[in-house]
Structures are given as structure tokens and as C-alpha cells.
Amino acid sequence: MTKKKKRIDKKKLKSAYGSVISLQYGVYICGIRLSKEKRYWCPVCQIENGKKILTVKEVVRKISEDECTEKGLPSKTQKIYFVCSECERKFEIHQLRRIVPFLNQMTIVLSIGHIIINVMMFKNSFKLAGNKTYDDAVEAVMMLWENYINPIPNAWSLHDIDAHFMFDVVMRNVNFNIRFTIDKISLNRLMNRDEYRNHVFLSKYESTSDTHVNIKMLAEKPDNLEYNVLVYERGGIEDPYFIQTTEKSISVRSLCLLLFSSFHRLWVFSSDAITTA
Ligand SMILES: [Zn+2]
């Protein structure tokens, strides 16, 4: 029997331009919870039945106003607790940490009117997912800087005189129709041929479990590729402008191109989020 979980459909979320729908920092959440609920193995019960039975569930509860003030969190902050359905014990994240690494990053779900953007915030970079165009990413960064980050005086510091945001497209989803049917078994066989070895890094298709052929191809960015850098002079918010640079300051990663196929459709994933530094 399969259970179908009812979850929030992010595509239906509509929110006012520039508003933050949700914010999650570790186990703390403000607004709507949008991250996927996970299950964990109880460190006390440790139930096994051939494989580990995950009895610990995540439960979201509001924390007291006193705790909010004490921890410097906004009022009405909620917290994820980890409760075992067997022993009914409540765990803190560090008690589960040995088993499950918990991302200590901040996730912001931001509306820029027509779309909702997922912002993962790291120490000196953001990763923006869900952009439809390059301009969406720029708009989200401007929104975050001008309206949320810049106004908080102790929330940021500059390495340079000016605030620089470099944009780098790392994944893009392309989805288009082709007017013929793809024989997935043959495609996979073809991609695994010796003559494509220098181009195809990996091609995989298991007809019993896969719905698509997964093809990874090697790709490289040219050395002289120019990156756009959004500049705010002296960390202000007035008159931002763009400059171009060929120097990449964030870590260089090898690029992969993924090709998915199913029936008449072909998806090309060659990058999805945009990072800035
Ligand atoms: Zn337990």
C-alpha cells in the first residue's frame, strides 16, 4: 500500500512582491514550513528489521516568547523537534547529529511577485533556486540586500570598499518537445558506445526502475567568460550598477550537463541555481 502525503504546493504560493514567505535557520522556522520532513533512526530504540526503521519524526511547535527574546529570534518562531513514535522521547538535533548531518544554513523563501525564489544563504554566498530568468536572480539579490540585509548594521561586513555580488549560473533547466519518440534503451546503448567516450561521462538507464535516461556530459566554461558583478558603492543601496570580470573568485567546479528523456520530451539540465559572492 502506498501512502500519498499531502504537502504544500509551492507552485500555488502567491505572495506580495518582496515579501519573505518563510525563513529557516537550522531547526528554527519563521512563517510557513516548506522544507521536506525527514525521518530519523531513534538513537535509543534503534529498531531494526533487516534495515533501520526510522521512528523519529519531525514535529514543528511554536516556542515561547521568552525563548524567542532569550535567543534573539523573532516572535512566533517555531522549532523543529524530533519525536520518536516508539519510545515517545523528544530529541534535540545534537542527539541525532551523529546519525544525520543537519545543514546549518539559512533558507529564505522570497517572493519577487510573479515567482517564488529559494535562497540558501551561506557565509559569503547565496544560492538562488527557482529563477526563471537571469533578471529574476538579480532582482532577488537586490531585494535581499536593499530591504533585508543592508538595513541591519551588524549583519554584514565588507571585504572591499564596495559591496560586490558576482553572478554565476550553475544550473539551468531547459525543457522542450521533440517530435518523435525516444527509444530509451537504444539511446542509452548509443551513449555508452566507445566513440562517445570523450564526450559522455556517464549514461544510465534501468528500464525497471528509471523513468528516464540519465546522461552526463562533460562541459567546460571558457577561460575568458565574463561574469556580471552587481556593485553597491560603500555598501549603500543607492544607484547600483554592473561591472564585468573574467576573474572567478568562488571555487571553480567542473560542469556537468544532464540529459533526461522520456517519450517525446527531452529535458536538458545544464545548471539550476545562481550563486553570488
Ligand atoms: Zn525511540
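Among contacts in the protein between residues at least 6 apart in sequence, what percentage join residues at least 24 apart? The share is 60%, where two residues count as in contact if their C-beta atoms, placed from the backbone, lie within 7 Å.

This is a predicted model, in which local features need pLDDT of at least 70 and side-chain atom pairs count only at pLDDT 80 or more, while totals for chains, interfaces and linings use all residues. Residues are numbered from 1 along each chain as its sequence is written.

## Overall make-up and confidence

The protein holds four helices and 21 strands; these elements are DSSP runs, numbered from the N terminus, with helices being H or I runs of at least four residues and strands being E runs of at least two. Of its 277 residues, 15% are buried. Here a residue is called buried if 20 or more other C-beta atoms lie within 10 Å of its own, exposed if 12 or fewer do, and partly exposed in between, with C-beta atoms placed from the backbone.

The average pLDDT, which is the predictor's confidence in each residue on a scale from 0 to 100, is 79 for the protein, and 82% of the residues score at least 70. Among the elements, strand 7 (residues 78-84) has the highest mean pLDDT, 91, whereas strand 19 (residues 255-262) has the lowest, 38. Over residues 250-277 the pLDDT is below 50, although this stretch has 85 contacts in the model beyond near neighbours in sequence. Where pLDDT is low, the predicted coordinates should not be read in detail.

Helix 3 (residues 134-149) is made of 16 residues and reaches 21 Å from its first C-alpha to its last. That is close to the 22 Å expected at 1.5 Å a residue, the expected span being 1.5 Å times one less than the number of residues. The buried residues of helix 3 include Ala137, Val138, Ala140, Val141, Met143, Leu144 and Trp145. An α-helix has 3.6 residues a turn, so residues three or four places apart point the same way.

The largest nonpolar core has 21 residues, and those that touch the most other members are Leu110, Ile117, Val119, Leu128, Ala140, Val141 and Leu144. A nonpolar core is a set of buried Ala, Val, Leu, Ile, Met, Phe, Trp, Tyr and Cys residues joined through C-beta atoms within 7 Å. At least two residues of this core come from each of strand 1, strand 9, strand 10, strand 11 (126-129), helix 3 and strand 12 (163-166). Helix 3 gives the most to this core, with seven residues. In soluble globular proteins, nonpolar side chains tend to be buried together.

## Paired strands

Two strands are said to pair if DSSP finds at least two bridges between them.

| Strands | Sense | Bridges |
|---|---|---|
| Strand 1 (residues 20-25) and strand 9 (residues 106-111) | antiparallel | five |
| Strand 9 and strand 10 (residues 116-121) | antiparallel | six |
| Strand 17 (residues 227-232) and strand 18 | antiparallel | five |

Gln24 stands opposite Thr107 in strand 9, and Val109 has Asn118 in strand 10 as its bridge partner. Four residues lie between the strands in the hairpin of strand 9 and strand 10, where Gly113 takes a positive phi near 90°.

Within strand 18, Gln244 is the bridge partner of Asn228, and Tyr241 is that of Val231. Strand 18 (residues 241-245) is hardly covered, since the count of buried residues among its five residues is zero.

## With 11 C-beta neighbours inside 10 Å, Gln46 counts as exposed. Arg234, which is also a residue other than glycine, has a positive phi near 50°, and its place is in the loop between strand 17 and strand 18. Arg234 is exposed, because 10 other C-beta atoms lie within 10 Å.

The C-alpha atoms of Gln95 and Phe82 are separated by 9.6 Å, and the two residues are 13 residues apart along the chain.
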